[in-house]
Amino acid sequence: MKAAVYRTYGPPEVVTCEDIPAPVLRPEDSKRMLIRVHAASMNPFDVLYRSGFLPIRFDQGWFRPKAPVLGIDVAGTVLAAGPEVTRFKVGDAVYGGCFGAHAEVVRAGEGALAPLPQGLSYEEAAALPTVALTALQGLRDLAGLRPGQTVLVNGAAGGVGHMAVQIAKALGAEVTAVCSGPNLGWVQALGADHVIDYTRDDFTRAGKRYDVIYDAVGKRAYLESTRALKPNGVIVLENPLKVRSQLLQLGWSALRGDNRAKMHLANANANDLAAISNLCETGQLRPVIDKVYPLDHTSDAHRHVERGHTKGKVVIGVQA
Ligand SMILES: NC(=O)c1ccc[n+]([C@@H]2O[C@H](COP(=O)([O-])OP(=O)(O)OC[C@H]3O[C@@H](n4cnc5c(N)ncnc54)[C@H](OP(=O)(O)O)[C@@H]3O)[C@@H](O)[C@H]2O)c1
């Protein structure tokens, strides 16, 4: 099969399209399936792995990556199913989370997949899993966002952020979205009640306080963001490592009894994917696709995401 492969850590050029053996179902894969990949998506996670971000090397290999194929979001059809798979059969259209989706075939666990949402293309469905699950679990579970509450989404034009704007609206909140000027219009069209251009205005100094701050981008220090947070509010940090002093600030604040910061690692599970499918099928959630790259241009997709200004999602179109 064809796959986008990286054998060494480095810049986007280390990703090349190669013919490699397709994965198979092993005896321990009784609850897994082989998926023929129609589309996959790019995440900053893939960029971190490819570039050899130090904390990742502890798990992925110190000198060279153990698993040469990236990609954690997939949409495709079931090619084969292990003997204990009960929810799907060969030929079913599915989407969800896995490792190694930048390839023509990937092995994925039944529990991390769901039927393709009605009315969505494979490319749209592949754009969803990581970012939609992150926003859903962050807003609903960590922040406990309730109807009528106010939420500020920082990084609202990115993959996670544009999901967060729509999911926060679906949860009944009043949404303020922060992005750069060129993105204000389409982010407002997603349902944001208010928009702030971060290149002109600083939400932390605007004098307004929110019940929830959802920081999808990690460009503001915790102690800056909390200037805009109500005393009993919650701030969800999706990337707590980006600001250098962030962990120190969080530790210091926690010592002083400030436990308003919440962090998590999103997980793919069937119930939450079903909730996301439901939001899509009822017209409350739709991914915005910035650009689709063919599999043999995956290195260009890495370059695109690495620039840090993706509008919605970058998708890899794998097989028709
Ligand atoms: N915790 C988890 O489980 C989890 C899961 C997924 C992702 N993440 C993390 O969440 C972060 C966001 O992921 P993503 O997929 O949304 O990334 P992304 O799509 O690459 O986000 C790029 C967006 O960031 C915006 N941005 C850049 N600088 C900004 C600034 N100073 N202020 C506000 N917005 C700014 C850009 O908007 P403009 O073009 O308008 O500047 C762009 O739309 C990443 O760090 C990722 O690692 C965490």
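## Ligand shell

By class, 13 nonpolar, 16 polar and 3 charged residues form the shell around the ligand; Ala, Val, Leu, Ile, Met, Phe, Trp, Tyr, Cys and Pro count as nonpolar, Asp, Glu, Lys and Arg as charged, and the others, Gly among them, as polar. This is a predicted model, in which local features need pLDDT of at least 70, side-chain atom pairs count only at pLDDT 80 or more, and totals for chains, interfaces and linings use all residues. Residues are numbered from 1 along each chain as its sequence is written.

Ala157, Gly158, Gly159, Ser180 and Asn239 come nearest among the 32 residues around the ligand (C-beta atom, placed from the backbone, within 6 Å). Two or more residues each are given to this shell by helix 1 (44-51), helix 4, helix 5 and strand 9 (174-179). Helices (H or I, at least four residues) and strands (E, at least two) are DSSP runs, numbered from the N terminus.

## Domains

The domain assignment, automatic or from a database, gives domain 1 (2-128 + 287-317) and domain 2 (131-262). The ligand lies between them, because both give residues to its shell. Their centres, taken over C-alpha atoms, are separated by 28 Å.

In contact are 7 residues of domain 1 and 8 residues of domain 2 (C-beta atoms, placed from the backbone, within 7 Å). The domain 1 side has 2 nonpolar, 3 polar and 2 charged residues.

## Helices 4 and 5

The contact of helix 4 with helix 5 comprises 10 nonpolar, 2 polar and no charged residues.

Key: Two residues are in contact if their C-beta atoms, placed from the backbone, lie within 7 Å.
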